[in-house]
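Please keep the sequence and the coordinates in view while reading.

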Amino acid sequence: MKRAVKLLASLLVTFVFMWWAFRDTDWATQIASLKAANYAWLVPYCGCLLAIHVFRTLRWGCLLSGLEKVPFRKLNEASGIGFMMLLVLPFRLGEFARPFLIAQRSSIRRSAAMTSVVLERIVDGLTVAAMMRVLLFFVPTETPEIRYVKWGSWVLFGVFGGGLAFLLFGLWQQERTVRLVRATVGRLAPGVAHKVADIVDTFVGAMRQLPERKQIALFFLYTVLYWGVNGAGMALLANAFDCSGAAPGSACQPMTLSFFQAYVVLGVLVVGIMIPAAPGMMGTFQAATKVGLGLFLPATVVNASGLAYANVMWLSQTVQQVVIGLILLSVGHLSFRDIAGKLDDKDGGATAPSA
């Protein structure tokens, strides 16, 4: 029943954002843009997506190296399937898949692996927020969407910066942090206060087993490569919608993105897909891309070629992650339903080793 309610709620979120994204769409022009698109640009873009997968996998291995050096094959299997489940399960429930899968393939506890995922998210959030704050200095301020984008960048800083500050304080004063959690959460929800405090205690304990400096340096290098290739790929894919292959008299609206513009759109997209939505991040993905493109392109282009571009980009990412996940499921003789059903099972992962 709980899963059904979550699914219905996520579908409602998707419906609202899909309606907003496509309410002003010029369908005839968007279809003309799709027909005229040069899909040869999907080849380098898919190459970028594959590189992104490799960088994400390798950098996760760097974080886990403080606990155990996991072979790439096992790491890739857990990552590929985990990324797929993150995409297809609602409300980002798939975040728990990678810790579960790596715990089956190593001696790493699920709770410790979950800590590494949380640290990844914090670093990614702060990286994108910093990138957006720098880039937004050079974005024209006359567009009405700019104030929402700036607000979103501050939300990123607030959420992930606050999370990092809390974890660092816990690392410095672990017992005091646990007592603070018990005291504050206990007033709001006494029944779960001890559970939340135990989770915080577990996370802080796992953080004490950070990798060596070389692995931390590699982690940040892979992070830069991951986001760098991500934005570059978005700029490359936009070339497919320049209408160079349109027939005479076609309604196609040409669009391109510079690398600078692509990284700004990437930042807006990251903020948008933070909103929990239905499987596949439908709706939030298209709406956020529309807002980002609206900073640089006229509405007539955004609602035609811009949304065509957003849909092709969304479909490319979805297919790539699902295909990789399904291949790894098949190779490992694993069941998607079996894994999804065990994500709520906390046995064996309630506590992490502490220093």
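This is a predicted model: local features need pLDDT of at least 70, side-chain atom pairs count only at pLDDT 80 or more; totals for chains, interfaces and linings use all residues.

Helix H7 covers residues 146-172, a run of 27 residues. From its first C-alpha to its last it reaches 38 Å, close to the 39 Å expected at 1.5 Å a residue. The buried residues of H7 are Ile146, Val149, Gly152, Ser153, Leu156, Phe160, Leu167 and Gly170.

Attention now turns to charged pairs. Side chains of opposite charge can pair when their charged atoms come close. In this model the count of salt bridges comes to six.

One of them joins arginine 59 and aspartate 124, with an N to O distance of 2.5 Å. Arginine 59 belongs to helix H3 (residues 42-64) and aspartate 124 to helix H6 (residues 110-135), so this pair ties together parts that lie 65 residues apart in sequence. Arginine 59 counts as buried because its relative accessibility is 1%, under the 20% limit. Aspartate 124 is likewise buried, at 7%.

Helix H6 also contributes glutamate 120, which forms a salt bridge with arginine 98, the closest N and O atoms being 2.7 Å apart. Arginine 98 lies in helix H5 (residues 97-104), so the pair ties together parts 22 residues apart in sequence. Both glutamate 120 and arginine 98 are buried. Elsewhere, salt bridges that share partners join Arg59, Glu95, Arg121 and Asp124 into one network.

A further salt bridge links aspartate 24 with arginine 23, where the closest N and O atoms are 3.7 Å apart. Aspartate 24 is partly exposed, with a relative accessible area of 47%, and arginine 23 is partly exposed at 45%.

Notes
Residues are numbered from 1 along each chain as its sequence is written. Side-chain values use heavy atoms; hydrogens and water are left out. Helices (H or I, at least four residues) and strands (E, at least two) are DSSP runs, numbered from the N terminus. The expected span of a helix is 1.5 Å times one less than its number of residues. Buried means under 20% relative accessible area, exposed over 50%, partly exposed in between (1.4 Å probe, protein chains only). A salt bridge is a side-chain nitrogen of Lys or Arg within 4 Å of a carboxyl oxygen of Asp or Glu.
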